[in-house]
Amino acid sequence: MSRKFSMMILILIFSCSACAGAVVEEDAELHKIVGGLYSLASAVELNNRPKADINALVRFFERIPAGWQDAVKVETDKGSIWVGIAVGQYSSARRYLRSNAEALKIMESPNGAAWLGGDYAWLKAADVAKKKIRPVKFSAAQGDGTIFFNAPDTETWWAAWPDLTARAEKDILEAHGADAGTELHAPKADGEAKISIYDEVRPSSVRVPDKMYMGTRKNSFDMSVEVGDVIFNPIPNVHR
């Protein structure tokens, strides 16, 4: 094989690698967790304080969904700041997280082992030394009207969740901006309303009969009940 031919093959290989572009998972639930963790880590960096809590980070987000503050955590452990997001027991993200937690550096607990199925997924946001923070490394790019994050040595990009403010996005891109190699599009969350089984399967309406027969004379219905001088008939009156 000639040297010229070998060089052509190498050029083709590198070209194909460049054409591969970014990978974006289709499960919106995954983006809420992985993208959510990097969004929180970004907020920790923007806050730039060795002590952080959710109340201090809220200002970097807009349109926060209901219950968000109850589903996220920020903790300081052994000189580092960690952010956590709840993973539902039946979350569609569980299988992917379990298989890729080590590569994504998502842990069971602050400074713990790789995530295997805990109630919360944790990501180190920054190290703290001499009252200064040193944020984790990641890349950021803009697409589809939001910010996407990419963990070092991985190909997949994750959409921010919840939406960050315009100022926060600008600061993140200035510090971590990178070329994703292709357009980034966030998956659409399933907006279909969840319907209770009690709404789908309704029992027949129960109502009081239109007429009840009361009298002192017995009729042909066996269900008539005599109480003293009065006969009660629970069957609706019919034409006789």
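## The sheet

Four strands make up an open sheet, and they run in the order E1-E2-E3-E4. The pairing is antiparallel. Strand E1 (72-77) and strand E4 (132-135) stand at the edges. Each of these two has a single partner strand, so one side of each has no neighbour in the sheet. On average, neighbouring strands of this sheet are turned by 30° against each other, direction ignored. The model described here is predicted.

Look next at strand E2 (residues 80-86) and strand E3 (residues 120-129). They pair in the antiparallel sense over seven bridges. Gly84 stands opposite Trp122 in E3.

## A helix on the sheet

Helix H2 (residues 28-47) packs on this sheet. H2 touches E1, E2, E3 and E4. The direction of H2 makes about 145° with that of E2.

## Helix H5 and its two faces

Which residues of helix H5 (residues 94-104) are buried? They are Arg94, Tyr96, Leu97, Ala101 and Leu104. Seen down the axis of H5, these buried residues fall within an arc of 130°, so they line one face of the helix.

The buried residues of H5 pack against H2, E3 and strand E7 (157-159). Turned away from that buried side is a face with the exposed residues Arg95, Ser99 and Glu102. Lys105 follows H5, and its phi is positive, near 60°.

## Backbone details in the loops

Arg63 is not a glycine, yet its phi is positive, about 55°. Arg63 lies in the loop between helix H3 (54-57) and helix H4 (68-71). Is Arg63 buried or exposed? Exposed means over 50% relative accessible area. Arg63 has 63% relative accessibility, so it counts as exposed.

Lys131 is another residue other than glycine with a positive phi, near 65°. Its place is the loop between E3 and E4. Lys131 has a relative accessible area of 74%, so it is exposed.

## A cis peptide bond

Where does Pro162 sit? Pro162 is in the loop between E7 and helix H6 (166-176). The peptide bond from Trp161 to Pro162 is cis. Its omega is near -10°.

Conventions
Residues are numbered from 1 along each chain as its sequence is written. This is a predicted model: local features need pLDDT of at least 70, side-chain atom pairs count only at pLDDT 80 or more; totals for chains, interfaces and linings use all residues. Side-chain values use heavy atoms; hydrogens and water are left out. Two strands pair if DSSP finds at least two bridges between them. Axes are lines fitted to C-alpha atoms, for helices over the stretch in contact, and angles run from 0 to 180 degrees between N-to-C directions. Contact means heavy atoms within 4.5 Å. Buried means under 20% relative accessible area, exposed over 50%, partly exposed in between (1.4 Å probe, protein chains only). The arc is that of the directions from the helix axis to the C-beta atoms.
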